[in-house]
Amino acid sequence: MARIYLDYNASTPIDPAVSAVMQPLLHEAFGNPSSGHWASRNAKELLERARGQVAALLGAQPDEIVFTSGGSEANNLALKGSFFAKLHQEQHIITQATEHPAVLKPLAFLERFGAIVTYLPVDGSGRVDPEAVRRAITPRTTLISIMHANNETGTVQPIEAIGEIARERAIRFHTDAAQSVGKIATWVDELGVDLLSIAGHKLYAPKGVGALYVRRGIVLEPLIHGAGHEHGQRAGTESVLLAAGLGEACQRAAEVDSRVRIQELRDHLWRSLRTLFGDRVALNGHLEYRLPNTLNVSFVGEMGSEVLTRLDGVAASTGSACHAGRVEISPVLRAMNIPDYVGLGAVRFSLGRGTTRDEIDRLLAQLAAIRRSFASPT
Ligand SMILES: Cc1ncc(COP(=O)(O)O)c(C=O)c1O
C-alpha cells in the first residue's frame, strides 16, 4: 500500500532542517536559561534566537512572543488571560460560530464566570461580516476573537477589516492563527491584532510547542503562575529544544515558498474532481478567501467517512462525527447552513510541502475507481 498523506491541517511532519537544529539540543544547551552562568548562557541565547525567529515571521518584536505548549494553550492564555486581567468589570466578548474548540471551550468556561459571549453567524462560505462585528460591540465589549483561517474549510476571515474596527473602538483583538501561520501572510500590524496564536505542529515544528503573540502594553493574567519566565506571562522553565524547533520552522516558513506549487496541486485536484463527479461534488468554503493548501469537498449523497474508508492508504479527514450512534454534520459546516445530505459527504484534503502531483493523481485514480459504486443521483 502506497501511503498518501493529505492531512497537513491536522499535523505536519517535522521539517528536516528543524530536526537538524533540534537534535544536538537533546544533549547540548541543557542549562536552565534563567540561571545566569556559563551553562545557561548558550541555552538563553538559543531561546532568544528562537523568539526572534518567531517574531520575524509575524513582523513583531521578540519580547512580544510567549512560548506555549501549542495552539490550544495560546488560545486559552489569550482568552482567559484577558478575562482574568479585567475581573473587576463586566465583560462582553465577540466571536463567531466556526471557531475551533480551543476557542469555543475556553469561552464557554468564561461564561461560567460571568462573561457575556456573542457568537456571530457566518455566511455560506464560512465568513463573518465585519459590519456584524461592529454592530455587536457594546460599551462592555472587552475582547474580539475571530480565527484567521478555519481548520476544516480553510476559509480566511476578513481579519484586517475587523482589526480596523477593533482599533477604532479600542477593543482588544485576538486571532487564532494556528492554521494560517506559515501558509499565508500573518503580519500582526497588517492584520491589526493584539493577540495571535500559533501551533508549532501545523508548520513543520514538533508537537508540544506553540506561541502567543502579545502586543506590547497588553496585560494578561497568566494561566500558569510561578516564577517570572516568559516576561511573567507563563511560568515554568522553557524548553530550549522545542522553542528552537518552532523558531527554525518559522524561519523556514519565511524562506521556503511552496505556496504557489501547493495551490496549483490543490486546484488541479478540485478541477479533476469536478470533471469526474460534476455537480455531485461541492466545494465547502470560500473559493477565493481560502488557505492555498485546503480543499474541503462534499461527495453529495455519500458519507465522507465511507469515502475515506474505501480509499487505500489515503490519510485525510472528514468533518462529520459519530454522536450517540448517529453520524452528524460538523458544527463548522452546520454553521455555514450546509444541508445534511451535502455536509455528511464532506472530506477535507489538506496538502503540504511533501505533496506531489503523483500522489494527487493516484488519489484521483482511486476516486475514479470507486465512483461507480456511489449512490445514483435522485
Ligand atoms: C484553528 C486551530 N486552533 C487551535 C488548534 C489547536 O492547536 P494545538 O493542537 O497545537 O493545541 C488547532 C489544531 O487543530 C486548530 O486547527
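The shell around the ligand divides into three nonpolar, eight polar and two charged residues. Nonpolar here covers Ala, Val, Leu, Ile, Met, Phe, Trp, Tyr, Cys and Pro; charged covers Asp, Glu, Lys and Arg; the others, Gly among them, are polar. The model is predicted: local features need pLDDT of at least 70, side-chain atom pairs count only at pLDDT 80 or more, and totals for chains, interfaces and linings use all residues. Residues are numbered from 1 along each chain as its sequence is written, and side-chain values use heavy atoms, without hydrogens and water.

In total, 13 residues surround the ligand (a heavy atom within 4 Å). The closest are Gly-71, Ser-72, Asp-176, Gln-179 and Lys-202. Helix α3, residues 71-85, gives the largest share of the shell, three residues (helices are DSSP runs of H or I, at least four residues).

Now the polar contacts (N or O pairs within 3.5 Å). A backbone N or O atom of Gly-71 sits 2.8 Å from a ligand oxygen. Asp-176 places a polar side-chain atom 2.6 Å from a ligand nitrogen. The side chain of Gln-179 has an N or O atom 2.8 Å from a ligand oxygen. Of the 390 Å² of accessible area that the ligand has on its own, the protein covers 84% (Shrake-Rupley, 1.4 Å probe).

The largest nonpolar core has 58 residues. Such a core joins buried Ala, Val, Leu, Ile, Met, Phe, Trp, Tyr and Cys residues through side-chain atoms within 4.5 Å; buried means under 20% relative accessible area (1.4 Å probe, protein chains only). Ile-198 is among those with the most contacts inside this core. Beyond four places in sequence, Ile-198 touches residues including Leu-58, Gly-71, Leu-203 and Leu-246 (heavy atoms within 4.5 Å). Apart from this core lies another, of 26 residues, among them Ile-262, Leu-308, Phe-349 and Ile-370.

Note on methods
Buried means under 20% relative accessible area, exposed over 50%, partly exposed in between (1.4 Å probe, protein chains only). A polar contact is a pair of N or O atoms within 3.5 Å; within protein, one must be able to donate a hydrogen and the other to accept it, and residues adjacent in sequence count only if both atoms are side-chain atoms. Helices (H or I, at least four residues) and strands (E, at least two) are DSSP runs, numbered from the N terminus.
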